[in-house]
Amino acid sequence: MSSKNLISIIMPVHNGERYIDHAINSCLQQSFQDGWELIIVNDGSTDKTEIITKKHLADSRIKLIEQDKQGVSAARNNAIRNSSGNYIAFLDADDCFLPNTIRQYHTACEITEGTINLFYCDYLCINEKGETTNAMRVKPPMKRPGLHLQFLLPRLLPLLPSTTFIKKEVFDHTGLFNEAYIACEDIELFARIAEQHDIAKLDIVNCRRRMHQAQTIRNKPALVYWRDKYNIAYLERHDFCYFCTTHDRIKQAKLAENFGDTMLNAPQGPLIKSARYLYQLSLSMKPSINVQTKLDRIQDHAMSDERS
């Protein structure tokens, strides 16, 4: 198999000595050996990450960029700016590609002839020992406007950097990762892409996603903060009718209320600010005693937290 496309695999890493060798080898062991490059950005590691990575630099497809610690978004952006490919794939330094991933990416690019700008896949979850713990099947994207609701947390499509690849020219329109985000930086970018461009799911399992204690996702208070921040920024970019199949403001008010309820039952912790925003939005479209009661409860809870 040959291909006219070049896929740049972006791998940011900070103190990743435990797993990065596995991640790099999963690229080197691809069944499709042409048509890709691997760009590793060492984001100020203080462990043996640099030593381990440099062992692989004899392979001309692998590049190493060193930078002071700036965060994962800055690392990914640095790699994208220094990439040669016309498609960008991501692989976190604690994850691994399956052997046919790059071959399947190239096939998808050729079949769709550049009409799809973001692809995403199913994936396997593994533990710190590399043992498979779960298989994650991700829903396909809905047609607009339903698609836009799929990017509201906590009901969003669970897209992960290691399960996506993107047409590089898209970044000219949407911009790169928002470096102000400490968490949710990936979905914030993917949402901006989905607002303007066609996305699609590949019905393949492309990677093993490793779950371990050092991940940001384990820090629930931080995750809740950034999820709220992302949700509100996303909602503020559009009139709520952008998310609805109806222009009936009464039905839109009910939908906003329902999503407010969903925010309060988020599995990682209640998204209070998102719920408040949606309840206030619902009230602005149709005054409701029921919604006002829910909003008052949130306000009372917030005041109680401040006193304690």
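# Working through the model: exercises

Lys 69 is found in the loop between β3 (62-67) and α3 (72-81), with helices (H or I, at least four residues) and strands (E, at least two) taken as DSSP runs and numbered from the N terminus. Before you start: this is a predicted model, where local features need pLDDT of at least 70, side-chain atom pairs count only at pLDDT 80 or more, and totals for chains, interfaces and linings use all residues. Residues are numbered from 1 along each chain as its sequence is written, and side-chain values use heavy atoms, with hydrogens and water left out.

**Exercise 1.** Work out whether Lys 69 is buried or exposed, and which residues it is in contact with.

*Solution.* 
- Step 1: take the relative accessible area, where buried means under 20%, exposed over 50% and partly exposed in between (1.4 Å probe, protein chains only). Lys 69 comes in at 54%, so it is exposed.
- Step 2: look for contacts, meaning heavy atoms within 4.5 Å. Leaving aside neighbours within four places in sequence, Lys 69 is in contact with His 14, Asp 43 and Gly 44.
- Step 3: Lys 69 and Asp 94 are 25 residues apart along the chain, and their C-alpha atoms are separated by 18 Å.

**Exercise 2.** Now go on to helix α3: find how many of its residues are buried, and what covers them.

*Solution.* 
- Step 1: count. Eight of the 10 residues of α3 are buried, so the helix is largely enclosed by the rest of the structure.
- Step 2: name them. The buried set is Ser 73, Ala 74, Ala 75, Arg 76, Asn 77, Asn 78, Ala 79 and Ile 80.
- Step 3: find the cover, which includes β1 (7-13), β2 (36-43), β3, β4 (87-90), α6 and α7.
- Step 4: zoom in on Asn 77, buried with a relative accessible area of 1%. Not counting residues up to four places away in sequence, Asn 77 touches Leu 176, Phe 177 and Glu 179.
- Step 5: check for a polar contact (a pair of N or O atoms within 3.5 Å; within protein, one must be able to donate a hydrogen and the other to accept it, and residues adjacent in sequence count only if both atoms are side-chain atoms). The Asn 77 side chain reaches the backbone oxygen of Phe 177 at 3.0 Å.

**Exercise 3.** Find which backbone atoms lie by the side chain of Ser 26.

*Solution.* 
- Step 1: Ser 26 lies in helix α1 (residues 20-28), and its 7% relative accessibility makes it buried.
- Step 2: list the polar partners. A polar atom of the Ser 26 side chain lies 2.7 Å from the backbone oxygen of Ala 23 and a polar atom of that side chain lies 3.0 Å from the backbone nitrogen of Phe 97.
- Step 3: Beyond neighbours within four places in sequence, Ser 26 is in contact with Leu 91, Cys 96 and Phe 97.

**Exercise 4.** Classify the ring pair of Tyr 181 and Trp 226, then that of Tyr 242 and Phe 243.

*Solution.* 
- Step 1: set the rules. Rings of Phe, Tyr and Trp (its six-membered ring) pair if their centres lie within 6.5 Å; planes under 30 degrees apart are stacked, over 60 edge-to-face and the rest tilted. The structure holds 11 such pairs.
- Step 2: for Tyr 181 and Trp 226, the centres are 5.3 Å apart and the planes at 45°, so this pair is tilted. Tyr 181 lies in the loop between α6 (171-174) and α7 (185-196) and Trp 226 in helix α8, so the pair ties together parts that are 45 residues apart in sequence. Both Tyr 181 and Trp 226 are buried.
- Step 3: for Tyr 242 and Phe 243, the centres are 5.2 Å apart and the planes at 90°, so this one is edge-to-face. Tyr 242 is partly exposed at 22%, whereas Phe 243 is buried at 1%.

**Exercise 5.** Track down two cis peptide bonds, from Arg 144 to Pro 145 and between Leu 153 and Pro 154, and place each proline.

*Solution.* 
- Step 1: the bond from Arg 144 to Pro 145 has omega near 5°, and Pro 145 is in the loop between β7 (132-136) and α5 (146-149).
- Step 2: the bond joining Leu 153 and Pro 154 has omega of about 5°, and Pro 154 is in the loop between α5 and β8 (164-167).
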